[in-house]
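Open your viewer, load the model and keep the sequence panel at hand. We will take a friendly walk from one selection to the next.

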Amino acid sequence: MKRKKRIEKILHENFKDWTIAVIDVSYNHKGHNSFSGIDETHFSIILSPQKKNLSKRIDIHRKINTLLKKEFVIGLHALEIKIND
């Protein structure tokens, strides 16, 4: 399974009441630090709660980073997380 699909699956399982977009932005980093731009190394995640969310943004960021820890070990380099209110 490709990294994008794995990330989507993990986030959908753990953020059931959220709308989630996972965008591969690796092509923006082609040539930087020897990245090819096709290796699924850089992602942008946009989360929008479907109902009122009382969680702090920092707690959501921490949860996502914990959930994706294995991906960072096996090649994920950067993650941008945006949380819409």
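This tour begins with the whole chain, moves to the sheet and helices, and then turns to pairs of side chains.

**Stop 1: the whole chain**

Start with a cartoon view of everything. What you have on screen is a predicted model. How many helices and strands are there in the protein? There are three helices and three strands, and along the sequence they come in the pattern α-β-β-α-α-β.

Of the 85 residues, 31% are buried. Contacts across the sequence are worth a thought too: among those between residues at least 6 apart, 61% join residues at least 24 apart.

**Stop 2**

Select residues 18–24 for strand S1, 42–49 for strand S2 and 78–83 for strand S3. Together, the three strands form an open sheet in the order S1-S2-S3, with mixed pairing. S1 and S3 stand at the edges with a single partner strand each, so one side of each has no neighbour in the sheet. Look along the sheet and you can follow its twist, which averages 15° from one strand to the next.

Zoom in on S1 and S2. These two run antiparallel and are joined by seven bridges. To see a pair of bridge partners, select Ile23 and then Ser44 in S2.

**Stop 3**

Next, select helix H1, residues 3–14. H1 lies across S1 and S2, at about 165° to S1. Which strands does H2 lie across? H2 lies across S1, S2 and S3, and runs at about 145° to S3.

**Stop 4: two rings**

Show the side chains of Phe15 and Trp18. A search of the whole structure finds one aromatic pair. It is made by these two rings: the centres of Phe15 and Trp18 are 5.7 Å apart and the planes are at 90°, so the pair is edge-to-face. Are these residues buried or exposed? Phe15 is buried, at 5% relative accessibility, and Trp18 is buried as well, at 11%.

**Stop 5: salt bridges**

Side chains of opposite charge can pair when their charged atoms come close. The structure holds seven salt bridges, and we will visit some of them.

Begin in H1 with Glu13 and Lys9. Their closest N and O atoms are 3.1 Å apart, forming a salt bridge. Why can these two be found about one turn from each other? Glu13 and Lys9 are four residues apart in H1, which means a separation of about one helical turn. Glu13 is partly exposed, with a relative accessible area of 42%, and Lys9 is partly exposed at 45%.

Now select Asp17 and Lys51, whose side chains meet in a salt bridge at 3.3 Å, N to O. Asp17 is partly exposed, at 38%, whereas Lys51 counts as exposed, at 55%.

Move on to H2 and pick Asp59 and Arg62. Here the closest N and O atoms of the salt bridge are 3.7 Å apart. The two residues are three apart in H2, so about one helical turn separates them. Asp59 counts as partly exposed, at 38% relative accessibility, and Arg62 as exposed, at 52%.

**Stop 6**

For the last stop, select helix H3, residues 69–73, where Glu71 is found. Is Glu71 buried or exposed? Glu71 is buried, with a relative accessible area of 4%.

Setting aside neighbours within four places in sequence, Glu71 is in contact with Arg3, Arg6, Ile7 and Leu76.

Note on methods: Residues are numbered from 1 along each chain as its sequence is written. This is a predicted model: local features need pLDDT of at least 70, side-chain atom pairs count only at pLDDT 80 or more; totals for chains, interfaces and linings use all residues. Side-chain values use heavy atoms; hydrogens and water are left out. A salt bridge is a side-chain nitrogen of Lys or Arg within 4 Å of a carboxyl oxygen of Asp or Glu. Buried means under 20% relative accessible area, exposed over 50%, partly exposed in between (1.4 Å probe, protein chains only). Two strands pair if DSSP finds at least two bridges between them. Axes are lines fitted to C-alpha atoms, for helices over the stretch in contact, and angles run from 0 to 180 degrees between N-to-C directions. Contact means heavy atoms within 4.5 Å. Rings of Phe, Tyr and Trp (its six-membered ring) pair if their centres lie within 6.5 Å; planes under 30 degrees apart count as stacked, over 60 as edge-to-face and the rest as tilted.
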